[in-house]
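Dear colleague,

I am handing over the structure below, and my notes on its charged side chains follow it.

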Amino acid sequence: MGLLTQLLTLPLAPVRGAVWVADRVLEAAENEYYDPAPVQRELAELERQLVAGEIDEETFDRREDELLDRLEEIRAFWQGEQS
């Protein structure tokens, strides 16, 4: 970008800054939402609850299916990001 272009687009600098901040916020939110670690911890806790007799097999199966679907969604997201 030349000096003239920078001077002409200077009034747009706050907009570019706001867009940059919004992009960073979106990136951070996606990283948190698509982090598999909390889902894996929930799966481990769910198994612990089943073994301890705190939940029944039906509840375990239903919740496990939900968590595994969520892990699949996370894997698909990260594979799409790498492609």
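How many salt bridges does the count come to? The count comes to seven, where a salt bridge is a side-chain nitrogen of Lys or Arg within 4 Å of a carboxyl oxygen of Asp or Glu. Please bear in mind that this is a predicted model, in which local features need pLDDT of at least 70 and side-chain atom pairs count only at pLDDT 80 or more, whereas totals for chains, interfaces and linings use all residues. Residues are numbered from 1 along each chain as its sequence is written, and side-chain values use heavy atoms, with hydrogens and water left out.

In helix 2 (residues 13-33), helices being DSSP runs of H or I with at least four residues, numbered from the N terminus, E27 and R24 lie three residues apart, about one turn of the helix, and their side chains form a salt bridge with an N to O distance of 3.5 Å. E27 has a relative accessible area of 39% and R24 one of 34%, and each is partly exposed, a term for values between buried (under 20%) and exposed (over 50%), with a 1.4 Å probe and protein chains only.

R48 takes part in a salt bridge with E45, at 2.7 Å between the closest N and O atoms, and also in one with E54, at 3.2 Å. R48 and E45 are three residues apart in helix 3 (residues 36-51), about one helical turn. R48 is partly exposed at 39%, as are E45 at 34% and E54 at 48%.

Finally, a network of salt bridges links E42, R62, R63 and E66.

Technical notes
Helices (H or I, at least four residues) and strands (E, at least two) are DSSP runs, numbered from the N terminus.
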